Amino acid sequence: MMLSKTFLFFSFLFSFLNSFAQAPTNLKAEYLVNPIGLDNPNPRFTWQMDDKRIGAKQTAFRILVNTDSNALAQGKAIQWNTGWLQTSSSLKTYAGQLLKPFTKYYWRVDIADQNNIKHNKFKIASFEMGMMNEQNWQGSWISDNQNVNLKPAPYFRKTFETAKKIKSARAYITAGGLFELSLNGEKVSNHRMDPMYTRFDRRNLYVTYDVTHHLKNGKNAIGVLLGNGWYNHQSTAVWDFEKAPWRNRPTFCLDLRITYTDGTTENIKSGKDWKTALSPIIFNSIYTAEHYDARLEQDGWNKVDFDDTKWKRVIYRSAPSSKIVAQAMHPVRNVEEISAKSIKKFNDTTYLFDLGRNISGVSKIKINGPAGTIVRLKHTERLYANGRADMSNIDVHYRPTNDKDPFQTDILILSGKGEQSFMPHFNYKGFQYVEVSLSAPIDLKKEDLVGYFMHSDVPVAGSVKASDPLIDKIYYATNNSYLSNLFGYPTDCPQREKNGWTGDAAIAIETGLYGFDGITIYEKWLADHRDEQQPNGVLPSIIPTDGWGYEWGNGPDWTSTIAIIPWNIYRFYGDTKILADNYENIRKYVNHINETYPTGLTTWGLGDWVPVKSVSPVELTSTCYYYADVVILAKTAKILGKADDFKKYTAVALKIKNAFNAKYLNKTTGIYNKGLQTELSVPLFWGIVPEESKALVAENLAKRVEADNFHLDVGLLGTKAILNALSENGYAEIAYKVASQKTFPSWGWWIANGATTLYENWPIDAKSDISMNHIMFGEIGAWLYKAPGGIKPDESQPGFKNVILQPYFVEGLNSFEATHDSPYGKIVSAWKRTPTGIEYKVIIPANSNATVKLELIRDRKTLLNGKEIAGGTFNLQAGEYKIELK
């Protein structure tokens, strides 16, 4: 009887404890939810622990992988069983039996909690392998011709018949250029701009679609529409993309792999049995716009019963490159539909639509008019005084050969067959206003035009909310600019250039990672870096590139992306893969600078781009970035177990630091060079200031900012540094005064003048460099998380395994909240002023912990969940806490 009671008690206790914990959640393979079409033979698994208990943590886990989900649910794992691993890590790289192409695998993770109880709750996730090897492609590369100057976009079609019941079907498609795939008359997926842009002659991406429900038993039709993209650049501008070495008429390769219920497979592939014709898209340029003649439409061109007897045979083409790899990343989509805020009618043939905000993307118009009516849709960011669309701020680098390719202006020719809608297929723009000009009078309403905010559809990973509405507006504008410049690679602006400027991306990396789950985009972009790097280590200033940018705009202040991006991914995700993948590239880059500038000082770079008024020496800023690269390289060498390299590059870093301070630092006064904001903040931010001089240099920076009336006097590089250099060295109040200014020059000045995105220059009436949607001054977004929000990754326990919580309760704010979805779950750092002091709410996700730093709060009692504790620095386990400062 006693044994039975004991058994019942422990059974009850187990059930009670187990009831607190849920199944592991947010299961991802390669940082994607249930992805298909993976190539990585060793995918990474990540998960989170859904457990709200104080101190909740994982003490062990096991991963089970099987091709049979039912067997997996019963704990059977023929593919891989890690066994129980005694670790709190929630990242594991696959190391089981060899994964096979075209195969779907199911996986689950079981965990043990802080009481070593192995929970019986689980969720099953999946991942599916794609081609894995170029040899597995069966389709041929086909096109309609090789005339790069032919303007209309080509259609391709093929019909086929299925005689058996379909279990599943996958379409694998890659292209030189852009494509839209359709089956039986319906566009496949809501992706836009596939495949993502790469250096086409070195690496091509293929996309995998689940097309099971697009097919039917019996006859089916495949349709492919090809666009130019960056592959066949027919517009002309200063970057010479029309001279790209890879340039050719768009081409594609497709395998449609059908699996039947009897276990057999069939592959419908691109080849000589396809037919082609020209489409109504009579011109398309990713850089400028799209022209569409609706009179040329061929209804049903991608359906089974279409008569294609007048269509031509396709031709074979060579592959653009020998490297075709999976596009395993969040795709570009029309993420948000935006209704026009207003419409202004100038006359019977001219209208101006205002979306109310600046976006990247496209407009879609519904219109009904006589056949042959020409509709021109001009997209701009600002207006002339008379209310008409003004493009003069963004066409500075455009070099049109004639008037047939107007910048950011779609052209639609109506068919006269009733109401029709038009939205570009292979283009996006940066705009707020659309001026519609008609060749004949048509009555338009505000509802006839909408905008679509297009960008890489990365999950939101953070939020900021402040008591000062200006801060919220600055954060909103920062995020708009960040997303407007994310199209499978980070760009500088969505209108004038669309180029992958390295400097802009390096500045914005923390802003991006705090706010969005962007690792898949950055891993792809670092592969672009590896494609572009010269054997001597040199990188171009825009990536990808046609060859432009190796001779201008690069240097350590710009192309430090090769080190800074991987290092920040490591800090935010705790994943060493991106460090390992790019280690040799970082090393080659550092070695090149070390060999070219053996003294440790380098003059290679652009310097503090677009300054307010004061100009700092290029050698000062570039050497700081060079130092940062070498420090990152040394740390990475240590992480990857490369002891000799760690020793070598630690010595190189010391050489740079000593040479830099010997030339620029007056140790007596604590002044670098002339003591400008950039000259003081950049060395502080990148850690090149000697420890014994930091306080004096920071004090001088604070005095300099005060002398400048708490306004910015920096360019791009100084903007990255100044707020952080102040707040990290005891001057958070001054940093906030700078961040919250409403007069020129400041972020708030832009907002006060109607900005919904960040600009490229501080003066809103600048004569050049005045794109109104740039991310390069976007560090303020990250600073809001780091300073008033106080959320920082701990370099010694990366991926927010340990969270540094160090909020600054600055004057001017009555409350502030920052949240970040870390690899372990949501971190919340929220404070507000009360009649007796500060109330600080903290949430630390399960399997994580935090170090709270409140040293700056003096002469106040610190209460944790109502109980008084010693103030200053203290550690917290996972859980929800209320900290009061009275």
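Modeller: A crossing of two helices is called left-handed if the near helix is turned anticlockwise from the far one by less than a right angle. In this predicted model, helix α4 passes helix α5 in such a left-handed crossing.

Biologist: At what angle do α4 and α5 pack, and how far apart are their axes?

Modeller: Helix α4, residues 502–515, and helix α5, residues 519–532, pack at about 160°, and their axes are 13 Å apart. Angles over 145 degrees count as roughly antiparallel, and therefore α4 is described as roughly antiparallel to α5. Thr502, Ala505, Ile509 and Leu513 of α4 make the contact with Tyr522, Trp525 and His529 of α5.

Biologist: Which residues does UniProt list for the six-hairpin glycosidase domain, and what is the chain like there?

Modeller: An unreviewed UniProt entry lists residues 461–786 as "Alpha-L-rhamnosidase six-hairpin glycosidase"; over this stretch the chain is 56% helix and 3% strand, with its end C-alpha atoms 15 Å apart. For the "Bacterial alpha-L-rhamnosidase N-terminal" domain the unreviewed entry gives residues 164–336, where the chain is 0% helix and 45% strand, and the end C-alpha atoms lie 40 Å apart.

Biologist: How should I read a nonpolar core, and how many residues has the largest one?

Modeller: In soluble globular proteins, nonpolar side chains tend to be buried together. Here the largest nonpolar core has 201 residues, and those with the most contacts inside it include Ile367, Trp747 and Phe816. Helix α9, residues 618–639, gives the most to this core, namely 11 residues. Apart from this core lies another, of 27 residues, among them Ala171, Leu226, Leu254 and Tyr260.

Notes:
Residues are numbered from 1 along each chain as its sequence is written. This is a predicted model: local features need pLDDT of at least 70, side-chain atom pairs count only at pLDDT 80 or more; totals for chains, interfaces and linings use all residues. Side-chain values use heavy atoms; hydrogens and water are left out. UniProt positions are given in the numbering used here, feature names are shortened, and annotations may be inferred rather than shown by experiment. Helices (H or I, at least four residues) and strands (E, at least two) are DSSP runs, numbered from the N terminus. A nonpolar core is a set of buried Ala, Val, Leu, Ile, Met, Phe, Trp, Tyr and Cys residues joined through side-chain atoms within 4.5 Å. Buried means under 20% relative accessible area, exposed over 50%, partly exposed in between (1.4 Å probe, protein chains only). Axes are lines fitted to C-alpha atoms, for helices over the stretch in contact, and angles run from 0 to 180 degrees between N-to-C directions. Angles under 35 degrees count as roughly parallel, over 145 as roughly antiparallel, 65 to 115 as roughly perpendicular and the rest as oblique. Contact means heavy atoms within 4.5 Å.
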